[in-house]
Amino acid sequence: MAVNEEPVRVQVPGEASAQLLSAVGGEAADNKGQFSWALFEWARNPYVILITIYIFAPYFSGQVVGDPVRGQAIWGQINGIGGFVIACLGPFLGAIADSGGRRKPWIVSFVVMMALATYAMWFALPMDGGIGILGAAVLVIVANVAFEFSAVFHNSMLPYIAQHKKVAWLSGLGLALGNLGSLLILIFMLIAFMLPGVVDWAFIPIEALFGLDVSAHENSRIAGPIAAIWMVVFALPLLLFTPDVAPSGANPGDAIRQGM
């Protein structure tokens with residue numbers, strides 16, 4: 001079957017020019033809407049770097065629990081519980097996401113859940129203080145589940161906003177932005193909070209920014225609020241500029257075959 005290199009267009013009554021069709025046959029989003037969709041990965045992915053890998057996870061194991069070995073075991077249990085919840089609810093939420101209805105209300109709900117849980121990690125104090133080990137564990141489980149399900153509804157938007165030929169490119173752009181955002185925020189965290197007082201380098205401040213008390217591990221705990229604020233701020237373009245209405249009666253298979 002010959003490949004048509006030209007994007008599929010449809011003439012909308014009353015419009016002066018034809019509109020680009022999305023992969024499922026509706027009107028595709030404009031460039032701003034498509035870029036805003038990709039930017040959501042820039043908003044989400046720093047959570048993985050700051051909370052689950054490099055900053056909060058070691059702090060939880062070593063300081064909140066107070067025993068790195070026991071802390072890592074508890075962290076593994078936290079991930080196991082989160083994975084179980086995702087496995088139980090995933091098929092149902094995946095079916096809802098694929099049904100073609102509105103996805104932004106779900107994304108907003110999961111972003112709010114994730115942001116509140118992540119911000120509250122600030123109150124996980126050393127040696128089971130503050131919200132304690134159990135409280136911190138619950139927050140991480142909630143944030144992990146919300147992180148995964150926000151991706152389900154975000155990913156399901158892609159064929160409705162992008163032309164068939166542009167789906168892969170836009171997906172790759174989101175992945176690249178997510179990785180770039182994660183790298184930049186990690187570098188900022190290291191320079192601003194984690195390395196001051198540890199290394200004697202000219203470009204590293206003498207003290208942690210904002211007067212954070214390193215002895216109280218505020219430089220590690222601040223990872224939660226920063227990840228939360230970052231997510232909320234950079235999720236806004238998706239909510240403001242990316243369309244959320246699926247085409248009525250669209251058949252995704254038929255629409256995709258139009259580009260063949």
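This is a predicted model: local features need pLDDT of at least 70, side-chain atom pairs count only at pLDDT 80 or more; totals for chains, interfaces and linings use all residues.

**Notes on packing and charge pairs**

1. Just after H3, Gly-66 has a positive phi of about 90 degrees.

2. Next, have a look at helix H1 (residues 31-44) beside H6. Their axes come within 11 Å and cross at roughly 165 degrees, which means that H1 is roughly antiparallel to H6. The crossing is left-handed. On the H1 side, the contact involves Gly-33, Gln-34, Trp-37, Phe-40, Glu-41 and Arg-44; these meet H6 residues including Phe-147, Ala-151, His-154, Leu-158 and Ile-161. By class, the residues of the contact of H1 with H6 are 7 nonpolar, 5 polar and 2 charged.

3. H1 also packs with helix H7 (residues 167-194): the two axes come within 7 Å and cross at roughly 40 degrees, so H1 is oblique to H7. This crossing of H1 and H7 is right-handed. Residues of H1 in the contact include Phe-35, Ala-38, Leu-39 and Trp-42, and among their partners in H7 are Leu-173, Gly-174, Leu-177, Gly-178 and Gly-181. The contact of H1 with H7 divides into 10 nonpolar, 5 polar and 1 charged residues.

4. How many salt bridges does a search of the whole structure find? The search finds 2. In one of them, Arg-44 pairs with Glu-41, with the closest N and O atoms 3.0 Å apart. Because they are 3 residues apart in helix H1, Arg-44 and Glu-41 are separated by about one helical turn. Are these two buried or exposed? Both Arg-44 and Glu-41 are buried.

5. Arg-102 forms a salt bridge with Asp-244, and here the closest N and O atoms are 3.9 Å apart. Arg-102 sits in the loop between H4 and helix H5 (104-119), while Asp-244 sits in the loop between helix H9 (223-241) and helix H10 (252-257), so the pair ties together parts 142 residues apart in sequence. Arg-102 counts as exposed because its relative accessibility is 51%. Asp-244, at 7% relative accessibility, counts as buried.

Conventions:
Residues are numbered from 1 along each chain as its sequence is written. Side-chain values use heavy atoms; hydrogens and water are left out. Helices (H or I, at least four residues) and strands (E, at least two) are DSSP runs, numbered from the N terminus. Axes are lines fitted to C-alpha atoms, for helices over the stretch in contact, and angles run from 0 to 180 degrees between N-to-C directions. Angles under 35 degrees count as roughly parallel, over 145 as roughly antiparallel, 65 to 115 as roughly perpendicular and the rest as oblique. A crossing is left-handed if the near helix is turned anticlockwise from the far one by less than a right angle, and right-handed if clockwise. Contact means heavy atoms within 4.5 Å. Ala, Val, Leu, Ile, Met, Phe, Trp, Tyr, Cys and Pro count as nonpolar, Asp, Glu, Lys and Arg as charged, and the others, Gly among them, as polar. A salt bridge is a side-chain nitrogen of Lys or Arg within 4 Å of a carboxyl oxygen of Asp or Glu. Buried means under 20% relative accessible area, exposed over 50%, partly exposed in between (1.4 Å probe, protein chains only).
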